[in-house]
Amino acid sequence: MREASAGQVGLARALSKLGICSRSDGERLIRAGQVRVDGQVIRDPLHRIVPERARLEVEGATVGAATKVYLALNKPRGAVTTRRDPQGRPTVYDLLPSDLPFIGPVGRLDQASEGLLLLTNDTAWSAHLTAPDSHIDKTYHVQVAGLPDPARLARLRSGVIDPETSDRLTAKSIELLREGSRSSHWLTIVLDEGQNRQIRRLLAAEGLETKRLIRVAIGPLPLGTLAKGAWRHLTPAEVRALG
């Protein structure tokens, strides 16, 4: 019995793990009778299979594990990272060619944030990069309104309490990148963990408004000269360095 269940996952999850489609799209296709397993129509998204052993057909076409794809994208401000947006906002997928296999973002950048975003169909690689215990550095350049004086910076480096949620917010490091007018001071902030809108909430707790937030590196991978809205494939060496 144990041997028979080894490696089994739900059918919708299997389609996602193989890079064929997202889990939610898989559930929709399965319920619509568009997925066959070993010649049999399966309508239960939780139906257990061993992905490497099953013969899968989706919408009449035989499918297998998609070629692994690893992309870096310079996300522009205003784009969301979901594949479909019910509010009709632009998504990062509008910037990518239509002939790519299904890929998903590795972590998130919110709509107002910009910079380096990774996308892949390698779910194990993505899970490693986003796991809390991986502690992979993510480096941001942040423009703030308000004066990041030494006392404020010291408090931010020590960690602050979000007055709305009582969460303790910290960063691995915070340094003054560039001084300017009151509305154009820039900070370099490094995180090795991720909470929702962590940097914006951290700064707001000290009275600093985030004007721009740009992710400029993930681990050893820099954004570099990649143009706004442009994308490129990662090299094998870059994939190994991150994974």
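Start at the second largest pocket, which has a volume of about 330 Å³. A pocket here is an open set of points on a 1 Å grid over the protein atoms alone, where a 1.4 Å probe fits, with protein on both sides within 12 Å along at least five of seven lines; lining residues have an atom within 4 Å of a point. The volume is the space filled by probe spheres set on the points.

This is a predicted model, in which local features need pLDDT of at least 70 and side-chain atom pairs count only at pLDDT 80 or more, while totals for linings use all residues. Residues are numbered from 1 along each chain, and side-chain values use heavy atoms, without hydrogens or water.

Select Phe102, Ile103, Gly104, Pro105 and Thr120: of the 18 lining residues, these are closest to the centre of the second largest pocket. Its lining has four nonpolar, ten polar and four charged residues.

Next, select Arg108, Tyr140, Gly194, Gln195 and Arg215, which lie nearest the centre of the largest pocket among its 26 lining residues. That pocket holds about 570 Å³ of space.

Now show Leu119, one of the residues touching the most other members of the largest nonpolar core, which has 28 residues. Such a core is a set of buried Ala, Val, Leu, Ile, Met, Phe, Trp, Tyr and Cys residues joined through side-chain atoms within 4.5 Å; buried means under 20% relative accessible area (1.4 Å probe, protein chains only). Finish at a second, separate core of 16 residues, including Leu15, Leu29, Ile49 and Ala54.

How values were computed. Buried means under 20% relative accessible area, exposed over 50%, partly exposed in between (1.4 Å probe, protein chains only). Ala, Val, Leu, Ile, Met, Phe, Trp, Tyr, Cys and Pro count as nonpolar, Asp, Glu, Lys and Arg as charged, and the others, Gly among them, as polar.
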